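I'm opening my notebook on a structure that is new to me. I'll jot down what I look up as I go, starting with the core.

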Amino acid sequence: MLDFSDFDARGYRTVDVATGYGRWVGTYEETVEDAMDLALLDELTVPQWGGVRRAADLGCGTGRTAAWLRQQGVGAIDGVDLTPEMLEVARSKGRHDRLFEGDVRDTGLEAGAYDLVIASLIDEHLPELRPFYDEAWKLAAPGAACVVVAFHPHFIMTSGMPTHFTDEAGEHIAISTHVHLLSDHVTAGIGAGWRLAEMREGLIDERWLALKPKWEKYRNHPISAALVWRKDS
Ligand SMILES: C[S@@+](CC[C@H](N)C(=O)[O-])C[C@H]1O[C@@H](n2cnc3c(N)ncnc32)[C@H](O)[C@@H]1O
């Protein structure tokens, strides 16, 4: 297993997930770039979003992913997150049907009830991936899709940058970050029973460089990845 500290080029003070997102929440939606995840979701050819009746949005945060799912015509959406402050914002936005405080590795949601399980931008916070893919499999109905958008391991390694935010005092604070190779995802997903149906990688392109001109040195480096898994019935 890779350890982020071997790549850390920033040396920011690190806090746990609930502490970090509990403090980032106020500026979260204005600092996360849609290019990271929503642009990749836009590129996927499967699943047929409009046909999804019930989705489990794991690590739902403030509901950015759910807002995108609603735009695609997804029916009911249940969200799970372990940070109460993120859930409070999600509640105020009304993008989910139901919201639960819990862990994506043991959600307490109904087994076999969801035709979509989605987790966007949470994989780097999990020390191991297999418990997540096992739980997603448990929640999935036969034929369901599981969509994972990941922080690309190449970018974490080459930039040495953890997931982080800047607090009111201007301090950059890292949130506990783990490096998962794409092969770690494939091994964990297949091990849990999933079949990989589609995969995309998002590069630092002109859209990114317009947002972050200093990232010219990362031009064409992959920064995120989307994996679509299928539970064959
Ligand atoms: C970067 S945010 C992503 C939120 C949303 N999916 C989005 O794309 O904007 C990561 C979220 O995952 C949650 N999270 C991280 N690890 C988790 C875990 N093990 N169980 C539940 N939620 C978790 C955090 O609390 C945070 O709200």
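This is a predicted model: local features need pLDDT of at least 70, side-chain atom pairs count only at pLDDT 80 or more; totals for chains, interfaces and linings use all residues.

Core first. I looked up the largest nonpolar core and found 58 residues, of which A55, L58, L116, V117 and C146 touch the most other members. A nonpolar core here is a set of buried Ala, Val, Leu, Ile, Met, Phe, Trp, Tyr and Cys residues joined through C-beta atoms within 7 Å. Strand β6 gives the most to this core, nine residues. Helices (H or I, at least four residues) and strands (E, at least two) are DSSP runs, numbered from the N terminus.

Residues are numbered from 1 along each chain as its sequence is written.

I then asked what C146 touches. Leaving out residues up to four places away in sequence, I get V117, A136, A140, W194 and W229. Contact means C-beta atoms, placed from the backbone, within 7 Å.

Next, helix α8, residues 182-192. Which of its residues are buried? They are H185, A188, G189 and A192. They span an arc of only 95° around the axis, so they sit on the same side of α8. That arc is taken from the directions from the helix axis to the C-beta atoms. Buried means 20 or more other C-beta atoms within 10 Å of the residue's own, exposed means 12 or fewer, and partly exposed is in between, with C-beta atoms placed from the backbone. The buried residues of α8 pack against α6 (130-139), β6 (140-151), β9 (195-203) and β10 (222-230). After α8 comes G193, with a positive phi near 115°.

On to the ligand. I count 22 residues around it, the closest being G59, G61, R64, L82 and T83; a residue is near if its C-beta atom, placed from the backbone, lies within 6 Å. Elements giving two or more residues to this shell are α1 (17-24), α4 (64-71) and β3 (76-81).

Last, R207 in helix α9 (residues 206-211). I find R207 partly exposed, with 13 other C-beta atoms within 10 Å.

Note on methods: Two residues are in contact if their C-beta atoms, placed from the backbone, lie within 7 Å.
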